[in-house]
Structures are given as structure tokens and as C-alpha cells.
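Hi,

Here is the structure I promised to pass on.

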Amino acid sequence: MDDFGTVMSWLIIVIILGCIYAIPSYVSRGRIRFWQVFWINILLGWSLIWWVVALVLALDKSNVNAEPEIVEADMKKLKKAIIWIVIIVAVFWSLGYFFW
């Protein structure tokens, strides 16, 4: 693979991993414990255990500060984003851009 393909592969990988890393903060925006989840995610999220803790805090029902319709709409957006990430990875994988 040429240098451009390698750079693009790594760029796409970094963007996808960054999006996945930020999921707890995205889910908790507009909620009571947003700053707790945000700082746990930023400072300790690199370890899988603390990332899961941040995600659990973000999804906790007592953390809801918005109307249920808004929370449901956010979860639909999150599901749609995850589906698009999977589709993009599958397309690039099938085109041969990922060689790990």
C-alpha cells in the first residue's frame, strides 16, 4: 500500500477510536453528572474499566436531567452513529485499507 493509503488508514482509525472513546461524554451531555462522566472519561477512560464506569454513570437512570423524549432521541442518534462507524470500517476493510 502506498503512503497516502497508510496515512488515511491511520487517520480513519484514530477518528473512529476517538469517537468510540467519547461515547460516555456524548451520552451524558445535558445530564446531572455530565462533568463527572466527562472527567472520568478524559482522565481515566484509557483503561477499559474506567471507560465502562463512565458509560454506566452516563446511562444511569438517576442521571437524567432531560425529558424522556430527548433522552430517547439521543440514544437513537447514538445507535445511528455506531451503525455508521461499523459501515465505514467495513467498507474500508473490504477495500483493503486496513492491514493490522
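Of the contacts in the protein (heavy atoms within 4.5 Å) between residues at least 6 apart in sequence, 63% link residues at least 24 apart. Bear in mind that this is a predicted model, where local features need pLDDT of at least 70, side-chain atom pairs count only at pLDDT 80 or more, and totals for chains, interfaces and linings use all residues. Residues are numbered from 1 along each chain as its sequence is written, and side-chain values use heavy atoms, with hydrogens and water left out.

The protein has five helices and zero strands, running α-α-α-α-α from the N terminus. Helices are DSSP runs of H or I with at least four residues, strands runs of E with at least two, numbered from the N terminus.

Of its 100 residues, 26% are buried, meaning under 20% relative accessible area with a 1.4 Å probe, protein chains only.

One to look at is Asn 41, in helix H3 (residues 34-44). Asn 41 counts as buried because its relative accessibility is 1%. Its side chain makes a polar contact with the side chain of Ser 25 at 3.0 Å. By polar contact I mean a pair of N or O atoms within 3.5 Å; within protein, one must be able to donate a hydrogen and the other to accept it, and residues adjacent in sequence count only if both atoms are side-chain atoms. Beyond its neighbours within four places in sequence, Asn 41 also touches residues including Tyr 21, Trp 51 and Ala 54.

Ser 28, in helix H2 (residues 23-28), is buried too, at 0% relative accessibility. A polar atom of the Ser 28 side chain lies 3.3 Å from the backbone oxygen of Ser 25.

Cheers

Definitions and conventions:
Buried < 20%, exposed > 50% of the residue type's maximum accessible area, 1.4 Å probe, protein only.
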